[in-house]
Amino acid sequence: MESLARGGTRWKRFAVVMVPSVAATAAIGVALSQGALAASFSVSGQQFKVTTDRLDGTGFVQYGAIDAQKGGKQVPVAVSGFSNAKIKNLCQSVVVPVPVFGDVSMKLSAGGGATPVEAKNLYIDLDQLDADATFNNIDIGVAAGSTTKGPGMHKGDKADPGSFAQQADSATLTHVKQTAWATTAGTFKLSGLKMSVAKGKSECF
């Protein structure tokens with residue numbers, strides 16, 4: 001790992017669980033709507049997997065939070081936000097167990113051509129990531145409620161504004177593999193969108 005001083009900082013091939021420490025994450029995922037999504041909601045009891053070849057983002061922020069599932073169970077997550085993000089070759093998958101019938105896989109892909117996926121005010125709640133990452137002008141140890149370089153804390157998050165966070169002017173992540181619980185975005189533009197449903201397990205990784 002290179003110096004953590006202001007400037008370009010690069011981490012190679014890391015896996016992250018946010019609480020209690022913070023590391024880099026990719027903010028990509030499942031939302032398909034244009035316009036603002038719900039600020040606070042109960043997450044399902046299932047994670048989804050995401051891969052992408054490259055994410056270029058500006059205004060990065062990350063902090064720890066707790067997601068509440070519909071049944072009341074709470075799960076710790078790393079919340080990562082980008083003011084703007086461009087994502088190349090996005091794949092997102094989830095396997096849903098259906099009683100009697102068995103597993104059903106839903107897979108989404110987009111941004112595989114010349115036009116990447118574009119997102120604004122994008123947040124993702126995740127608990128594991130593997131990627132190569134480069135940050136520009138990174139600040140580590142900022143209070144979560146005092147960040148200035150990204151979109152700030154997501155409204156409705158169960159998070160302490162005085163807790164540990166990090167921020168950066170921009171970030172580039174490549175060879176991304178991650179598992180996540182939820183994603184919200186102000187806008188999410190998916191070019192070349194393809195979606196499939198199949199019996200059995202068919203995941204991005």
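**Close-up views of a predicted model**

View 1. Strand E4 (residues 90-98) and strand E5 (residues 102-110) pair in the antiparallel sense over 9 bridges. Two strands count as paired if DSSP finds at least two bridges between them; strands (E, at least two residues) are DSSP runs, numbered from the N terminus. E4 and E5 form a hairpin with 3 residues between them, and Val100 in the turn has a positive phi of about 70°. This is a predicted model, where local features need pLDDT of at least 70, side-chain atom pairs count only at pLDDT 80 or more, and totals for chains, interfaces and linings use all residues. Residues are numbered from 1 along each chain as its sequence is written, and side-chain values use heavy atoms, with hydrogens and water left out.

**View 2. Strand E2 meets E4.** Here E2 (residues 48-68) runs antiparallel to E4, joined by 3 bridges. Look for Lys49, whose bridge partner in E4 is Ser93.

**View 3. Thr174 sits in strand E7 (residues 164-184).** Its relative accessible area is 16%, so Thr174 is buried (buried means under 20% relative accessible area, exposed over 50%, partly exposed in between; 1.4 Å probe, protein chains only). Leaving out residues up to four places away in sequence, Thr174 touches Asp53, Arg54, Ala131 and Asp132 (contact means heavy atoms within 4.5 Å).

**View 4. Asn89 has a positive phi of about 55°, although it is not a glycine.** You will find Asn89 in the loop between strand E3 (74-88) and E4. Asn89 is partly exposed, because its relative accessible area is 34%.

Note on methods: Helices (H or I, at least four residues) and strands (E, at least two) are DSSP runs, numbered from the N terminus.
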